[in-house]
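Please keep the sequence and the model at hand while reading.

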Amino acid sequence: MSESTAEKLVELAKRRGYFFPSAGAYGGVAGFYTFGPQGAALKQNVEDAWRERFAVREGHQEIDAPTVMPEPVFEASGHLDGFDDMLVECAECGESHRADHLIEDNTAIEEAESIAIEEVEELIDEHQLVCPSCGADLSGEPVDDFNLMFGTNIGPGDSSPGYLRPETAQGIFVEFPLLKEYARNQLPFGVTQIGKAYRNEISPRKSVIRTREFTQAELELFVDPEGEGPDLSRVEDVEVRLYPIGEQEDEEGELIETTIGEAVADGTLASPWIAYHLGIAQEWYERVGVDKSRFRFRQHLSGERAHYASDCWDAEAELDEDWIELAGFAYRGDYDLSKHAEHSDEDFTIFKQYDEPVTVERATVDPDMSYLGPEFGGQAQDVADALESLAEEDRSAFEGEDVTVDVDGEEYTVPVEKTDFSVDEVTESGEHITPHVVEPSFGVDRLLYTILDHAYAEDEVGGEERTYLSLDPEVAPTTVGVFPLMDKEGLGERARDLAAELRAAGLSVNYDDSGAIGRRYRRQDEIGTPFCVTVDYETLEDGTVTVRERDSTEQLRVPLEDLDETLTALSEGDLAFADVDGEPVEED
Ligand code: ATP
């Protein structure tokens, strides 16, 4: 059986320094990867490109929050209770597996995550699913919820539990009371963060696609639900392939090729905010090297979506005939900020100024505590608070002689005259609102894998098979390889000087003088270096070098003068190789 692209890629990634399992000297541990020199540079370039597009160009602010956060944060966010995956353990070998993944891998069901546990147990029985590790029958094995957060203790002892953040988002939400001040209390405003997230995945797999420590790039956009939407004219012509719920539920359903503008007009994309971000994400993914023909946006099925999210779409890439989630785009309503408001003492609202002050009738109470205190003891304040809420919600309750409120399931009756109930006209300049959140959440590691997979290519050069990564110069770890033909008679010195000059001009340069020139080209091809420059004897005579383009392997003889500018223009896409002023050279 021939090797799959995944197998070849994982081998290349280790050999050439993209990524490899960590701590191999100690046997390694599943779900942790180290990005080698090439991988770390690619990651940095992709993060820079994300920052440029989703923070700088959109006018959003970036923050850098801790990766460990105290337990109350995750109590409020709901992660402590509900950030679970379904686990089934093999009674024979003790290996744990993600039950929904077993179903997806062995049946025609595509999204098993949204299926209830009892039904998952039934499906395991019905399809007689077996343990992928030892082959034992898993029928009848219980399926349990398993919380994915890594716990720790903050400081000595265990009185202050904390967790490694399972997403970068909470670091933004909890700081909203300050962040809104930095944004001068004006909606909409966005805050981004790029950083590590940790999930104790039941079965990490597919190299860096599912790991236990990974990098996310998230944008939390705070919007006024009744305010103006985004400027859709900026993305209306962007072509996208959508896989909405209706198509997923139809046996003959297919991807819809459309534009953002059309999808908004026909209602496929219900939220203009989601539509806008799908548009810029589509352009950005193409820019960093995701193959458009192996990319789509899939809408979450209703059971798959968090209960508070009104709409959610995933960006997905096709890898070895499998669709992998790269990012999620969710309209989260006011869930996050309301939860933190409920669990903390801070103000998670924004004061929204009206265009003109308005005069409204307000019902208020000022209960007589000298009556409530002796009457209701310890419950007196709660009764007073309940009276206040009731006055706001239902002033008719105060029309009789008595008014009854409910506190923790107990009814308390108070004479209306003791509440000092009144309805007054007040002039208000605005109101406090809880902003809604639009969240584009990108995974960096899966994207790096996708970029490498979609860039992976094989061809034949000079009768020899060649493997190369057709990476875009913006993200390629190295932009230029600089070689002396040989490291003698001044060639090495000249090439080293040239490498230093090109680095000083801001280019990422790899100097290489070891082995035959053809082998050096192959090495750079496998790393994905877009251009190589060779210094030879002619260079010493006439001040020209050969510049070779990776994908076409074409070579041109170019003067050293202005070489830095030519290479910069080539790498920034401002100049095509065919338009470079130079003499064609025979291939290597
Ligand atoms: P999945 O369903 O694949 O577990 P998710 O829906 O839980 O992913 P989100 O919580 O939406 O993922 O996280 C946003 C992004 O973070 C994902 O689109 C993905 O790119 C990345 N991500 C999530 N979990 C992992 C992981 N274990 N390893 C690598 N990347 C991950």
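Glutamate 526 is buried, because its relative accessible area of 10% falls under 20%. In this predicted model, glutamate 526 takes part in a salt bridge with arginine 15, and the closest N and O atoms of the two are 2.7 Å apart. Arginine 15 counts as partly exposed, at 42% relative accessibility.

Glutamate 526 also forms a salt bridge with arginine 16, where the closest N and O atoms are 2.8 Å apart. Here again distant parts of the chain are linked, since glutamate 526 sits in helix H17 while arginine 16 sits in the loop between H1 and strand S1 (19–21), 510 residues apart. Arginine 16 has a relative accessible area of 22% and is therefore partly exposed. As a general point, side chains of opposite charge can pair when their charged atoms come close.

Another salt bridge joins arginine 496 to aspartate 513, with 3.8 Å between the closest N and O atoms. Arginine 496 lies in helix H16 (residues 491–504), and aspartate 513 lies in the loop between strand S25 (509–511) and H17, so the pair ties together parts that are 17 residues apart in sequence. Both ends of this pair are partly exposed: arginine 496 has a relative accessible area of 38%, and aspartate 513 has a relative accessibility of 29%. Elsewhere, salt bridges with shared partners join Glu111, Arg296, Arg298, Glu304, Asp314 and Glu316 into one network. The count for the model comes to 45 salt bridges.

Aspartate 385 is found in helix H14, and at 37% relative accessibility it counts as partly exposed.

The backbone also has particular features. The peptide bond from leucine 187 to proline 188 is cis, with omega near -5 degrees. Proline 188 is placed in the loop between helix H8 (176–182) and strand S10 (189–198).

Glutamine 128 has a positive phi, near 45 degrees, and lies in the loop between helix H6 (117–126) and strand S7 (143–147). With a relative accessible area of 59%, glutamine 128 is exposed. Aspartate 562 has a positive phi of about 65 degrees. Its place is the loop between strand S28 (555–559) and helix H19 (563–571), and at 42% relative accessibility aspartate 562 counts as partly exposed.

Finally, an annotation may be set beside the model. An unreviewed UniProt entry carries the annotation "domain: Aminoacyl-transfer RNA synthetases class-II family profile" for residues 7–473. In the model, the span of residues 7–473 is 30% helix and 31% strand, and its end C-alpha atoms lie 25 Å apart.

Note on methods. Residues numbered from 1 in each chain as written. Predicted model: local features only at pLDDT ≥ 70, side-chain atom pairs only at ≥ 80, totals over all residues. Heavy atoms only, no water. Helix = DSSP H or I, 4+ residues; strand = E, 2+ residues; numbered from the N terminus. Buried < 20%, exposed > 50% of the residue type's maximum accessible area, 1.4 Å probe, protein only. UniProt positions renumbered as here; feature names shortened; annotations may be inferred. Salt bridge = Lys/Arg side-chain N within 4 Å of Asp/Glu carboxyl O.
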